[in-house]
Protein chains: 2
Amino acid sequence: MDILLTCAMKNEMQFPIKAVVNKTGLSPHVIRIWERRYHAVTPKRTATNRRVYSEADVERLMCLQSAITAGHSIGQIAQLPLEKLRALAQRNEPHLVPSVRAMASTPAVLSANTPPELGAHAYLENCLAAVQRFDAATLEAILARANVALGPLQMIDRVILPFVNRVGEMWHEGTLRVMHEHLATSAIRTFCTNLKGPQDLPATAPAIVVTTPTGQAHELGALIVALVARHHGWNAIYLGPNLPAEEIAAAAEVSQARVVALSIIYPADDPALPLELQRLRNYMRAEVALIVGGRSAGGYAKVLNEIGAITLHDAAEFRRTLDALRVYAKPAAVSSQALREPSVAASG
Amino acid sequence: MDILLTCAMKNEMQFPIKAVVNKTGLSPHVIRIWERRYHAVTPKRTATNRRVYSEADVERLMCLQSAITAGHSIGQIAQLPLEKLRALAQRNEPHLVPSVRAMASTPAVLSANTPPELGAHAYLENCLAAVQRFDAATLEAILARANVALGPLQMIDRVILPFVNRVGEMWHEGTLRVMHEHLATSAIRTFCTNLKGPQDLPATAPAIVVTTPTGQAHELGALIVALVARHHGWNAIYLGPNLPAEEIAAAAEVSQARVVALSIIYPADDPALPLELQRLRNYMRAEVALIVGGRSAGGYAKVLNEIGAITLHDAAEFRRTLDALRVYAKPAAVSSQALREPSVAASG
DNA sequence: AGTCTTTTGTCTATTTATTGTCAATAATTT
DNA sequence: AAATTATTGACAATAAATAGACAAAAGACT
């Protein structure tokens, strides 16, 4: 009962505008102008006239943002009720199961002006603890909770990536067993799947094939890459781990991908991998960029350099590269060929 | 007024031209010129003369596009009624519009007395076709669509399982490449993840560890097992493929699982596997049941018999076995370990 | 084949609407 | 004092509608 009461009262978590900016990725300008012009949200005010947003406001704004990238215009949709916005945004119900909400331990950190890193760090620690306890339910719950609290951007950079790295390290150290690693992988995979949702991309969205070369069994890196790419408006085609060079190249060809992204994490010294990478580069069309990332990518720097692969080290770099590569979309050699039509040659 | 009323009541989505562009892949030019020349669609207008398309308009345009790539000429078909366009397009609902439309197109098959196998079979064929075209988006769309039409039970027995089997066969035949198999795996995995959802299980739900032994890289069977188990009220702990015997046993121990389920699909004659299975049985507590299924389980019948594993052949048998095992829900020896408490260690 | 016509997609230019960003100022918070 | 926030009006950039012209492709015909 005490719990229920606390939840009911705390339920109205409130955020200053900067928190909303961090979560949604919208600029404060935009948030205010949407309010002024379209009454998209009507936050409460403090005694000194500062805006105070509710969770519902934040969800509204996130839905609006998604709907806009889906092609809707803000003026038309700003006043729609939340259910319709969810439908337009094709967003999965982000509200959580009661059990999750029960863990009202960390929100206090976030509602205040504390920088989000602190909150993110707390979530991260809790995730690692859950893995060590081999507690899948709690792990998934924390991930979901952290996601709504932090927003996708902070979530990926400050929770998911550090989490994956720590799990990898601890596995090496022997702090975690294989079963823990598998549990973490499964949870992260579930989370990524849920997060990406069934958003439909513009048919003109450039495609990127994401996978892991033969011998690289760890797929977490690739999963996150796919997630980030999709968030950046790419049509990410995720093929799971351990795919031979011919197959990767064929997949890129068939799906007319502009980029192939590989994640190289565990064996940092697989003697077969350099050859595999060279074969991949040979099979691929020259226009298709090859991006390689992951903790152990450095172990193959020589080959990667030879074949002209782009080696990346963090998510921010990856995002910048994606944006850069996307620009090359339009002036692609227009030889009156019908390759602008993204319709997959229906020669079936 | 009429417009507003209609919309409010029918709850219909409206799309500005950019959203239609995103959904269809047609250029705005083309959409407008089709309207001007052929009256292919007649969208409403806003007060400021912007076009506003209905869901029906969007579907029309998508069908027209498909029909065109199928060889029809726009001038001839632009004014045909929607049903004819659907037939012409031969598109079995590839890009489907979210939920509402899901009910609209095939209801004849399902709502009537017609046995649902017909519908299920059609979905199955479409899934296979999508895999062959390497069309992830359509594949996921069909799966989602089939699920709402058939319900989880029919879905698993008549679509998912046959689908997985066919993919496996075609992979052996060489009809499908590795990349196709990976694509199918990824889609099925996404589907299973979405389907299981954030269900709250009662704390008393018995636990079952689902995985694949070392050397068995194909995880689809295990995924489905986990899904079925969860639907039967079990707390399914899915650990992905390729897990060594010690790890499986430890996972079962830590999570106090009553059952360990393994899926054995591809190498039907791995010489190392029998030993691995024996080791698993030895590591596991005697009270924990070991269930083995999958196409190639028969290849290891001898060992499985020796170690007293329950070998299953179809989903129905698995469900019966689950129900039977659950009855044994006696207070299994509890070692007073406090690892059930999911209280988050707020070490932040 | 070559020529003509029809069909169909693309392009340009112009106008109007929409929407994001900026500048300047004042108040509040740290 | 420095940084953040709120308010307002103005501005720039983007997107959409319209009309007309053009170019590529597909057929039809010699």
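In which sense do strand β4 (residues 207–211) of chain A and β5(A) pair, and over how many bridges?

Modeller: The model is predicted, so local features are described only where pLDDT is at least 70 and side-chain atom pairs only at pLDDT 80 or more, while totals for chains, interfaces and linings use all residues. Residues are numbered from 1 along each chain as its sequence is written, and chains are lettered from A and ligands numbered from 1 in the order in which they are written.

β4(A) and β5(A) pair in the parallel sense, over four bridges. (Strands pair if DSSP finds at least two bridges between them; strands are DSSP runs of E with at least two residues, helices runs of H or I with at least four, numbered from the N terminus.) Within this pair, A:A207 stands opposite A:N235 of β5(A). A residue is buried if 20 or more other C-beta atoms, placed from the backbone, lie within 10 Å of its own, exposed if 12 or fewer, and partly exposed in between.

Chain A also has an open, antiparallel sheet of three strands in the order β1-β3-β2. Its edge strands are β1 (14–15) and β2 (44–45), each pairing on one side only. β1(A) joins β3 (residues 51–54) over two bridges, and A:Q14 is opposite A:S54.

Turning to chain B, helix α2(B) is largely enclosed by the rest of the structure, because six of its eight residues are buried. These are B:A19, B:V20, B:V21, B:N22, B:K23 and B:T24. They pack against β1 (14–15), α3, β3 (51–54) and α4 (55–69) of chain B, where contact means C-beta atoms, placed from the backbone, within 7 Å. After α2(B) comes B:G25, whose phi is positive, near 85 degrees.

The α2 helices of both chains also belong to the surface near DNA strand D: α2 (17–24) and α3 of chain A and of chain B each give two or more residues to it. (Near means a C-beta atom, placed from the backbone, within 6 Å.) DNA strand C is surrounded by 20 residues, the closest being A:T48, A:S73, A:G75, B:S73 and B:G75.

Methods: Contact = placed C-beta atoms within 7 Å.
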